[in-house]
Amino acid sequence: MEKELNGKICQIPEHVAIILDGNGRWAKKHFMPRNVGHSQGAKVVEQICEDAWDLGIKYLTVYAFSTENWNRPENEVNALMKLLRKYLIDCIERTSKNNMRVRIIGEKSRLDQDIRDSITKLEKVSAANTGLNFTIALNYGSRDEIVRAIRRLTADCKEKDIPATDITEEFFSSYLDTRELPDPDLMIRTSGEQRLSNWLLWQLAYTEFYFTDVLWPDFNKKELIRAIEYYNTRERRFGGV
């Protein structure tokens, strides 16, 4: 899809993946507790979902809580879980209003039962929506995802007598958490960090990366457009040099 942005015709990426980084640093910069930064970051997610759809993006995937985030101080983890509970409940209402489909990826078994129940309800009530496909990664780690996929694949190979020659890249991808999604065209990481942090390692093989110093709570539609403009400066090649 093409769209005019700042006087130029730009190709809009179908799928954008974002590492939401910098909430804590934003809070420190404003002399506030870290949980305030996370709360502000959640509000930005809501707005960016609307902005992404308005720009023509069909799929938006965000890295909200990683498998490594459990190592943070207990009070911060508890605050994040409290925020997550509220966000999931509020999101049920927003999905109906915005015609947005929501998926949750990651290892859900470590999450409390009430959170898992909210996830199930949210995915169910939004399943038929035809607007933005919004995916939230919770207790997600790409290595963990790949290991879980291999376990399921191995079990199926044994039970269904699947020959090794049938295992292609596409076949393996069908066992990943993202099996219903196209691979991202553009990956954005905020706050100046330039690493993947165990994020979609398989899926980002041919993705364009955009790193910005902007902290996530300060990210907005203008910054998203800048990322799309950068994406349009890249010459997309698959298997070329």
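This note goes through the pocket, the nonpolar cores and the salt bridges of a predicted model.

1. Basis. Local features need pLDDT of at least 70 and side-chain atom pairs count only at pLDDT 80 or more, whereas totals for chains, interfaces and linings use all residues. Residues are numbered from 1 along each chain as its sequence is written, and side-chain values use heavy atoms, with hydrogens and water left out.

2. The largest pocket has a volume of about 820 Å³; a pocket here is an open set of points on a 1 Å grid over the protein atoms alone, where a 1.4 Å probe fits, with protein on both sides within 12 Å along at least five of seven lines, and lining residues have an atom within 4 Å of a point. The volume is the space filled by probe spheres set on the points. Of its 34 lining residues, Leu20, Tyr63, Ala64, Asn69 and Arg72 are the closest to the centre.

3. Lining. Helix H3 (74-98) is among the elements that supply at least two lining residues each, and its six residues are the largest share; helices are DSSP runs of H or I with at least four residues, and strands runs of E with at least two. By class the lining holds 18 nonpolar, eight polar and eight charged residues.

4. Cores. The largest nonpolar core has 48 residues, and those with the most contacts inside it include Leu60 and Phe134; such a core is a set of buried Ala, Val, Leu, Ile, Met, Phe, Trp, Tyr and Cys residues joined through side-chain atoms within 4.5 Å. H3 gives the largest share of this core, eight residues. Apart from it lies another core of ten residues, among them Ala17 and Ile105.

5. Salt bridges. The count comes to 18 salt bridges, each a side-chain nitrogen of Lys or Arg within 4 Å of a carboxyl oxygen of Asp or Glu. Arg94 and Glu46 pair at 3.4 Å, N to O, and this links helix H3 to helix H2 across 48 residues. Arg94 is buried at 16% relative accessibility, while Glu46 is partly exposed at 28%; buried means under 20% relative accessible area, exposed over 50%, and partly exposed in between, with a 1.4 Å probe and protein chains only.

6. Further pairs. Glu76 and Arg72 have their closest N and O atoms 3.0 Å apart in a salt bridge, with Glu76 buried at 8% and Arg72 partly exposed at 29%. Asp21, Arg25, Arg189, Glu193 and Arg195 are linked in a network of salt bridges.

Note on methods
Ala, Val, Leu, Ile, Met, Phe, Trp, Tyr, Cys and Pro count as nonpolar, Asp, Glu, Lys and Arg as charged, and the others, Gly among them, as polar.
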